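Dear colleague,

Please find below the structure I promised to pass on. My notes on what was found in it follow directly after.

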Amino acid sequence: MTSPRAMPLSVLRSLSALLLAAAGTAAAQTSLPDSASQGAMVVGRTTPGATVQANGRTVRVDASGQFVFGIGRDAKGSVPVVVVLPGQDTEQSHAIRVTARDWPLQHVRGVPPRTVNPPAAVAERIRREAAKVNAARTREDPRSDWTQAFVRPVEGRISGRFGNARVYNGQPGAPHSGMDIAAAAGTPIKAPAGGVVSLAERDLYISGGTVLIDHGDGISSNFLHLSRIDVKPGDRVEQGQVIGAVGATGRASGPHLHWGMNWFDTRIDPLLVLEMAR
């Protein structure tokens, strides 16, 4: 057997490179939380180039190894995450335990009756508008704007929390899908993180003036009840840029901003995302 001293320098270098690569692969790990609450945006990190599936959906791993997904309001048990590192066939299986939250009941009074019990004549309009909004949420740009530390789009009292069961004018409705921030009509709304405007509509029947910003990899923000819209679909916006103004259009009892967030069709809690930035 040839001793290391007798080997050509080029061979030794090749062997060293192989050993370092093997050691790096063996040491490669995927970083994920052990648990996450209902409505959370979960950020993981792994080896760049790895393949990741979260809850059965393949997600993009960016150049730094980060990836993101959301946990819905009603999720239970655990969320499976499967990782295959570059050059390997073996799967790494992870299970993120979902922690439950309490969802208090909130009564909302003074909402325009036509938005609580819409006339039959507008049913098709509502269906069409909802489909347009849902289509905007399917966008999957390979961008990582979501890695920014999100900031509040407006300052003010939180008047409605994500996930709360809601009763409108005495009639039960769907759970609240975002975070309401009380603010005066006309207050400028700022982008909480960078992204691309995927929808801008001035008069949707339920949500009124509506803007969606895509932050990349399926993470998006929606802003409802706007009195003014300053952007259009396709615009690139940066964090802090004014996108419109607070209003009370659509199903609203008074001026406020509804800020919602999604991972594709999974609704997540903006307040939890803000807490991640602290």
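Thr58, Val59, Arg60, Val68, Glu140, Asp217, Trp263 and Phe264 form the lining of the largest cavity. The model is a predicted one, and the count for it comes to 1 cavity of 30 Å³ or more. The volume of the largest cavity is about 40 Å³. Its lining residues divide into 4 nonpolar, 1 polar and 3 charged.

Phenylalanine 264 sits in the loop between S20 and S21. Is this residue buried or exposed? Its relative accessibility is 5%, and because buried means under 20%, phenylalanine 264 counts as buried. Its phi is near 55 degrees, a positive value in a residue other than glycine. As a general point, most residues other than glycine have a negative phi.

Asparagine 55 also has a positive phi, near 55 degrees. This asparagine is placed in the loop between strand S3 (51-54) and strand S4 (57-59). With a relative accessible area of 51%, asparagine 55 is exposed, whereas phenylalanine 264 is buried.

A further loop residue is asparagine 164, found between strand S9 (158-160) and S10. Asparagine 164 has 10% relative accessibility and therefore counts as buried. Leaving aside residues up to four places away in sequence, asparagine 164 touches Trp103, Pro104, Gln106, Pro175 and His176.

Turning to the largest pocket, the space within it is about 930 Å³. The pocket is lined by 40 residues, and Ser177, Ile206, Leu224, Arg251 and His258 are those that lie nearest its centre. By type, the lining divides into 16 nonpolar, 16 polar and 8 charged residues. Which element gives the most to this lining? Helix H3 does, with 5 residues. The elements that each supply at least two lining residues are helix H3 (123-136) together with the strands S8 (105-108), S10 (165-168), S12 (178-182), S15 (208-214), S16 (219-226), S20 (256-263) and S21 (266-268). S20 and S21 are also the strands on either side of the loop that holds phenylalanine 264.

For valine 81, the residues touched are Leu32, Val52, Gln53, Ala54, Phe67, Phe69, Gln92, Ser93, His94 and Ile96, with residues up to four places away in sequence not counted.

Finally, some totals for the chain. The secondary structure comes to 4 helices and 21 strands. The protein chain has 278 residues, of which 46% are buried. Among contacts in the chain with a separation of 6 or more, 67% are between residues 24 or more positions apart. The chain exposes about 13,600 Å², and carbon and sulfur atoms supply 53% of that area.

With kind regards

Methods: Residues are numbered from 1 along each chain as its sequence is written. This is a predicted model: local features need pLDDT of at least 70, side-chain atom pairs count only at pLDDT 80 or more; totals for chains, interfaces and linings use all residues. Side-chain values use heavy atoms; hydrogens and water are left out. Contact means heavy atoms within 4.5 Å. On a 1 Å grid over the protein atoms alone, a cavity is a set of points where a 1.4 Å probe fits but cannot get out, and a pocket is an open set with protein on both sides within 12 Å along at least five of seven lines; lining residues have an atom within 4 Å of a point. Grid points are joined across faces, edges and corners, and a volume is the space filled by probe spheres set on the points. Ala, Val, Leu, Ile, Met, Phe, Trp, Tyr, Cys and Pro count as nonpolar, Asp, Glu, Lys and Arg as charged, and the others, Gly among them, as polar. Buried means under 20% relative accessible area, exposed over 50%, partly exposed in between (1.4 Å probe, protein chains only). Accessible areas come from the Shrake-Rupley method with a 1.4 Å probe; for residues, only the protein chains shown count as cover.
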